[in-house]
Amino acid sequence: MSSAAFIVIAVLTLAAALAAATLPKLIHAALSFAIAFVGVAAFYFLLGAEFVGLVQVFVYIGAVAVLIVFTILLTRRDPEKDRGFNWGGVVIALAVFGGLLWSIFETPALAVLAPTIKPLTVKQIGLTLMTDYIWPLQCVGLVLTAALIGALILVIEEKS
Amino acid sequence: MTPTLQLFLIISAALFCVGLLAALSRRHAIFILIGIEIMLAAAGLNFIAFWRFAPPPHQPTGVMVAIFAIAIAAAEAAVGLALVIAVYRNYRTTNVDELDQLKG
Amino acid sequence: MADRFPSRQVSAAVDQIFIQAKQWLLAWLAGAPDWVMQLASALINIAMLLGFFLTLFAAMSVLERKILGRIQNRYGPNRVGPFGLLQPAADGIKMLIKEDIVPARADKVVHFAAPILIAATAILALGIIPYGRNMTPFAIDGGILFFFAVGSTTELGVFMAGWGSNNKFSMLGAMRAIAQMVSYELPLIITTLPVVMVVGSLSPDAIVTAQGGYSLGFAPRWFAFTPWGAAAFILFFISGLVESNRTPFDVPEGESEIVAGHMTEYSGFKYATFFLAEYLGMFAISGLAVTLFLGGWQAPVKVLEVIPSYVWFFLKLSVLLFVFIWIRGTLPRTRVDQVMNFAWKFMLPMAFTCVIAAAVWHYAGRQLYGWLWSLAVVAVVYFALSRLLDTRRKFAPRNYRFAE
């Protein structure tokens, strides 16, 4: 696993996520949010889970990011900037980060290098989904249908 | 440095905290949703990192959980954004501080 | 029989000529570390891909206008060069020297990045298509999924173009374009499902090799010749027409309706980039249609296998591109609500029936029984849908009045 690629992708992802969290203009934040997800997908490729990386690009950037920009468009008011930034949130986020770092460094079993594994093919993922994970698959289908119907009902305008 | 598991976990913890920052410190409802999505992505990254660094025998559990997490995150984003639009239609605001009609 | 061996060797050599050229180029870097070799190999692939497709784009821009002209009973461009074939050079120079106007209150970064993003996604999509035997630039396991993942990123670029121009027409055009593209992504993806299901793999190479061989000695086993494959091919082609915003579905760029939609505020080189992205998207969709349904680089008859594989791919691609241009010259533009109705009420149910018909065909062992049943499934659903969605009864009969 290349360390140069790791550093580049890590810098890109964290910078884009920070930009998404702190930029005042909403559309810029939404677009850097999409870039952050490109970074996360690149991490998945680096880790050898290519299928998940492709699904990530497809779902998050192709669907969720488009949804977010559409919603920004439909709920616009002037001025478009977000007013007010709550600095208490920064304190809490830093505290949580400190706590997580402490727990990561306290666990010695985590300082391992990557073992060599056989690459996970799409065929194996498909087989596992259809045999071991068939119930979660059907439930996810149900959840997605419910979400689709629910979202439509929430935004449909009654023609009165 | 060759990436160890600790390094990946630190990155995903940092990503999670950036998402937490976005969700806690912004007042626009859509920013909060963006923060939640970033947190979900960080958790997925955590799962895939653990899957990759696991000792043999190698189970595909991490990859499965990440796939389901992405699907659920998409569904939740759709419903959340529909809620934001519905609230905007009725109250003409997306500032979550102004949505306090149930305040006792 | 013995005298055919030299010609077979010659044809095999010509078939692999690009691979041999690339190996020869890489031999110059023989002692370099591994990552340099990989990088050099990737760069050579990219250079060859870009070189070929940019030339094809230039050729197509003039050929399209000439063919459209002939359909409309006039000459196309015929001033620049013999038969007007050097027109792309003149177009290129014109686009490059035009002043680049950016609206004063436009969002500079977003306005600049939009055409780049759209062109980049179109070029990325071209990377996984097998152009010949062993000639896939980037052969990854989930190639088809990569194609669609990259294609769905185009919508974000279209939105950026519409929003970054700070223009209400651009925004409306962008929203219409995105609505259209999102609606037709579903039939596009679901019509590739039968192919993936029958082959059992998402890799384009595997899909092409699964269409090899000849049944009854002369008929190629392409998926377009099966009942479900023919229906899926037509649906895929129509969805490809919509995804590349071509007539009859070019509402986003219809001049008479919305100026130029999301491309209104772009001039000069950026407009040329949009144009390039549209054509490259067309090439990518046609290339994928050839791979999925028309057997990729396989020859249609065994005796013609002497012709190299990339020539066959290019011939099939040219036929599909000609059909794209032909449809543009023949059909008028549809209305936006007609486009949406067509997608959700007709194409989506038909796409699902293609999946069912393919399953029937595959699990009946691909015998005559399976062929007839899958043909029955497709035909029944098609006629049922066309009866249900019949709109003729909603309109009064026309009476024609002629000048007396």
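**Entry 1: chains A and B**

I began with the charges between chain A and chain B and counted 0 salt bridges there, a salt bridge being a side-chain nitrogen of Lys or Arg within 4 Å of a carboxyl oxygen of Asp or Glu. Before going on I noted that this is a predicted model, in which local features need pLDDT of at least 70 and side-chain atom pairs count only at pLDDT 80 or more, while totals for chains, interfaces and linings use all residues. I also noted that residues are numbered from 1 along each chain as its sequence is written, that chains are lettered from A in the order in which they are written, and that side-chain values use heavy atoms, with hydrogens and water left out.

Next I looked up polar contacts (pairs of N or O atoms within 3.5 Å; within protein, one must be able to donate a hydrogen and the other to accept it, and residues adjacent in sequence count only if both atoms are side-chain atoms), and found 6 residue pairs across the interface of chain A and chain B, both residues at pLDDT 80 or more. On the side of chain A that touches chain B, α3(A) gives the most, with 12 residues; helices here are DSSP runs of H or I with at least four residues, numbered from the N terminus. By class I found 63 nonpolar, 12 polar and 5 charged residues on that side of chain A.

For contact, meaning heavy atoms within 4.5 Å, I listed 80 residues from chain A and 69 residues from chain B. The buried area, which is the accessible area (1.4 Å probe) that two parts lose on being put together, summed over both, is about 7,000 Å² for this pair, and carbon and sulfur atoms give 80% of that.

**Entry 2: B:Arg52**

I then turned to B:Arg52, which lies in helix α2 (residues 29–52) of chain B. I did find the backbone oxygen of A:Leu47 at 3.2 Å from a polar atom of the B:Arg52 side chain.

**Entry 3: chains C and A**

Here I found 22 residues of chain C in contact with 22 residues of chain A, with a buried area of about 1,900 Å². In chain C, the residues C:Leu145, C:Leu156 and C:Trp163 lose the most area to chain A, together 30% of what that side buries.

Technical notes:
Helix = DSSP H or I, 4+ residues; strand = E, 2+ residues; numbered from the N terminus. Nonpolar A, V, L, I, M, F, W, Y, C, P; charged D, E, K, R; others polar.
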